[in-house]
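I wanted to go through this fold with the structure open and jot down what I looked up. Notes follow in the order I took them.

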Amino acid sequence: MLVQVNDIRKKYPGIWALNGVSFGVEKGKVLGVLGENGAGKSTLFRILASITRPTNGTATVMGKPVGYETRKVTAFLPEVNPFYGWMRVMEQLEFLAEFYPGWDMDKSRELMSFLSIEDNVKIGTLSKGQQAKLKIVFAFSWPAELVLMDEPLGGIDPPARNRIINTLFGEFRFGEQTIIMSTHMVSEVEELLEDVIYMKKGKIVLSGSADKLREEKGTSLVGIFEEIAG
């Protein structure tokens, strides 16, 4: 397993954000982490990105405990914008390229052209949708072993979501990158997901192969999500 999570628990004052989460992800797979707001998805991603420490449990990436070493092979797209608003787009990308081995600036430019992002504008002047696209440029500009995408479609106009996500996964993904994506926009990414876990109130309530779950439940992932959401 490229990613292994064992009985992860995370407690904040008065609430368990995660309560006994365990799963594994094989190299090269695309895993969807599905659930409504407050299900614990963002907390899980922050733990895998080595930004937040769990209260209990363990997580490993490529057999190593999540921490300094695993950050070198992990690209993390948080739901919130992580960029410097005063920097221009290309300045930000050149700054990031200094920290990530194998960064491909030609690929960055190709992605920006595809996503219609100008390279000389200040990030603070970009719309929410453009900033979301810039996060995607970051994720696919270097050959990270693990790509964590927390609500990557937030702010992107509905007509563009499907075209962007399918083209990115089909043309810009480095080799055998493993991708874990959280979203509540299940219909836009359903065809891309190979495995899924459904979370509710900090726990996994259903997990497995996307194809097998569709067969067992007799409905789409969207239908399963709606059933679990209640």
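Predicted model: local features only at pLDDT ≥ 70, side-chain atom pairs only at ≥ 80, totals over all residues.

**Phe138 and its partner.** Phe138 has a relative accessibility of 7%, so I count it as buried. Next I checked its ring against that of Tyr100: the centres are 5.3 Å apart and the planes sit at 70°, so this pair is edge-to-face. The two residues come from distant parts of the chain, 38 residues apart, with Tyr100 in the loop between α3 and α4 and Phe138 in helix α5. Tyr100 is partly exposed, at 21% relative accessible area.

**Other rings.** How many aromatic pairs does a search of the whole structure find? I got eight. One of them is Tyr84 with Trp86, centres 5.8 Å apart and planes at 35°, so I noted that pair as tilted. Tyr84 is partly exposed at 40%, while Trp86 is exposed at 58%. Tyr84 and Trp86 also belong to one aromatic cluster with Phe95 and Phe99.

**Helix α3.** I listed the buried residues of α3 (89–97) and got Val89, Met90, Gln92, Leu93 and Leu96. They span an arc of only 160° around the axis, which puts them on the same side of α3. What do they pack against? I found α4 (105–115) and α5.

**The sheet.** I then traced an open sheet of six strands, in the order β6-β7-β8-β3-β9-β10, with mixed pairing. β6 (74–77) and β10 are at the edges and have a single partner strand each, so one side of each has no neighbour in the sheet. On average, neighbouring strands are turned by 15° against each other, direction ignored. β9 and β10 run antiparallel and are joined by six bridges; I looked up Val196, and its bridge partner in β10 is Gly208. Helix α1 (41–48) packs on the sheet, touching β3, β6, β7, β8 and β9, and its direction makes about 155° with that of β8. Helix α5 (128–139) packs there too, touching β6 and β7, at about 175° to the direction of β6.

**Helix α9.** Last, I looked at α9 (221–229), where Leu221, Ile224, Phe225 and Ile228 are the buried residues. Their arc around the axis is only 100°, which puts them on the same side of α9. They pack against β3, α7 (186–189), β9, β10 and α8 (210–217). On the face turned away from that buried side I found the exposed residues Glu226 and Glu227. Gly230 follows α9, and I noted its positive phi, near 80°.

Technical notes: Residues numbered from 1 in each chain as written. Heavy atoms only, no water. Buried < 20%, exposed > 50% of the residue type's maximum accessible area, 1.4 Å probe, protein only. Helix = DSSP H or I, 4+ residues; strand = E, 2+ residues; numbered from the N terminus. Arc of directions from axis to C-beta. Contact = heavy atoms within 4.5 Å. Pairing = 2+ DSSP bridges. Axes fitted to C-alpha atoms, helices over the stretch in contact; angles between N-to-C directions. Phe/Tyr/Trp six-rings, centres within 6.5 Å; stacked < 30°, edge-to-face > 60°.
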